[in-house]
Structures are given as C-alpha cells and as structure tokens.
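This report covers a pocket, a disulfide and a few side-chain contacts. Have the structure open while reading.

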Amino acid sequence: MRCCARNAKAESRRRRRAKTAHHKAPGKAPKSGATNDRSMESSKKNLCEIHRGDWGGRRVLGASLLAAAVVAAVIALALFLVYRPMKPQATVARAGVYRLVSAAAPGANNSAPTPYALSATVQFTLLLHNPSDRTAVTYDALLAYVTYRGEMVAPPAQLPLVLQDPGADVGLSPLLGGDGGAPVPVSADAVDALRADCVAGRVQLRLVVMGRVRYRSGPFKSAWRDLYVRCDAILGVTVQAAAGGGGGGDVPLLEYPKCAVDA
C-alpha cells in the first residue's frame, strides 16, 4: 500500500511539472526596456518621414514661386520692349526774321530808356517727330522763346495743346515777338555782337520750347514729364533783313540745325 501511495504522489508531481511546462513560453519574455526602445525608434522614424514630407512640399512651393516670378519678369520685359516710350526728335525746317535790330527799351519806374535792347520778330517752323510706331504723345503747357548769345530777345509765347499719333510728325510755327517786336533789354555786348553778325550775314539764334509731355502706349499711360527742346540755328541774316525791309521774312539756314530734346 505504501508503495502505491508513493507512486501516486510521484505521478501527481510529474503531472504538475508537465502542466507548468505546458503553460510556460518556450523562450524568455521580453524585458520592458527593450519594448520602450523599439517604440522610441518607431516614433523617431515616423517623425523623420513627416519632416521629410514637409521639406519636400516646401521645396516644391519654392520652385513654383520662383518659376512664376521668372515668367512674370519675362512678360514685363516683353511689354516694356514693345510699349516703351521714345522721346521725340526735333528739327528746324524753316526760319523767318522780320525784325532783329537794336532799339531803346523803356526804363524802369519811368526812368530814362536804356540804349541796350533788341527788338525782334522771328518765326521758326519746328518739326517734332515721334519715332515710336506704338506710342502716342501729348504736349501741353508749351512755351517758346528765342535767345541770342544766351539772352532772351523776344517775349515767350504760349503754344496750344498738341496731340501726336504714333510715328507721326507735327509742326509748330510760333511767331515770336509779335508784329511790333517789343524791345527786350539786353547787354551792350549782345547789341554790338548782333550788329557785327548782321554785317557778316551770319546770325545764330536758339529756339527754346518748354512744357510737359505724356506718352500713351496701348493700355499704358505715363505720368507727365518735363519737356525741354533747344535748337541752335545759324541764319543768313543781313542788315536789311534785320531791319525788317529789303529781304525781311524767310532767311536761309546756313547749317543743319542742331536740336536737343529732354523728355
């Protein structure tokens, strides 16, 4: 009987060991530290992928903006080259001298008249050429006068508004000094020089036109700009022509007039 009891106990112990071995995992259970490390590595990998995706999107956006800026610059340059305004060109086509002599000018405050003055009545035909085939030009607030050796010899004259089509020419023929040729005070050197130039039959006068100009090219319109035209003309003026008789009127242009335009 004792032998049977011992055998039963041994059998019971074997069953308990087998049951315990059956529920036990074949390998060692992972430690909690290793699990945390793997979780951190997975999180870092996900963050890197997110940052990589954001950087790629920013690069695409930057490239798109750069391409748009380049296209806009090319379009603006093309429009500027097509519609850019070109300043007018000027030349003197004709000149007339009806009176250009020394005269006594009235003194200031009813004082004695000064002997150093010139009485001038002259007329120039100024041609303004628009070199652009796409730009229209508007001239406004024009004022013309004539100088001799840097001194004004005729009062300024106002000119009307002028509209100029693309590629067109316009002519201005102001009569400066009026019919009477009101005396304008000048220096004694100017009076003496004019007398000598008339004897030589070679007088240089400068025509000055001032005002403002605006350009209109297609849909674009510029702001008003200052206009300053000056033309130096050497005229074949004799003493008789300068006195207003015996050949007064149209006089020859001895040299091709030189004109400068600031606009």
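Is Tyr215 buried or exposed? Tyr215 counts as buried, at 2% relative accessibility. Buried means under 20% relative accessible area, exposed over 50%, and partly exposed in between (1.4 Å probe, protein chains only).

## Basis

This is a predicted model: local features need pLDDT of at least 70, side-chain atom pairs count only at pLDDT 80 or more, and totals for chains, interfaces and linings use all residues. Numbering runs from 1 along each chain as its sequence is written, and side-chain values use heavy atoms, with hydrogens and water left out.

## Tyr215 and its strand

Tyr215 lies in strand β10. Strands (E, at least two residues) and helices (H or I, at least four) are DSSP runs, numbered from the N terminus. Tyr215 and Val137 are 78 residues apart in sequence, yet their C-alpha atoms are 4.8 Å apart in space.

## The largest pocket

The volume of the largest pocket is about 160 Å³. A pocket is an open set of points on a 1 Å grid over the protein atoms alone, where a 1.4 Å probe fits, with protein on both sides within 12 Å along at least five of seven lines. Points are joined across faces, edges and corners, and the volume is the space filled by probe spheres set on them.

Lining residues have an atom within 4 Å of a point. Here they are Thr147, Tyr148, Arg149, Gly150, Asp197, Ala200, Arg202, Gln204, Leu205 and Arg206. Two or more of these come from each of β3 (135–148), α3 (188–200) and β10 (203–217). The largest share, three residues, is from β10. By class, the lining holds three nonpolar, three polar and four charged residues. Nonpolar covers Ala, Val, Leu, Ile, Met, Phe, Trp, Tyr, Cys and Pro; charged covers Asp, Glu, Lys and Arg; the others, Gly among them, are polar.

## Cysteines

The whole structure has one disulfide, a pair of cysteine sulfur atoms within 2.5 Å. It joins Cys231 to Cys259, S to S 2.1 Å. Cys231 sits in strand β12 (residues 225–235) and Cys259 in strand β14 (residues 258–262), so the bond ties together parts 28 residues apart in sequence. The S-S torsion is about 120°, so the disulfide is right-handed.

Cys231 is buried, at 1% relative accessible area. Cys259 is partly exposed, at 25%. Cys198 counts as buried, at 8%.

## A charge over a ring

The charged end of Arg212 sits over the ring of Trp224, 4.2 Å from its centre. The test requires NZ of Lys or CZ of Arg within 6 Å of the ring centre and within 35 degrees of the ring normal.
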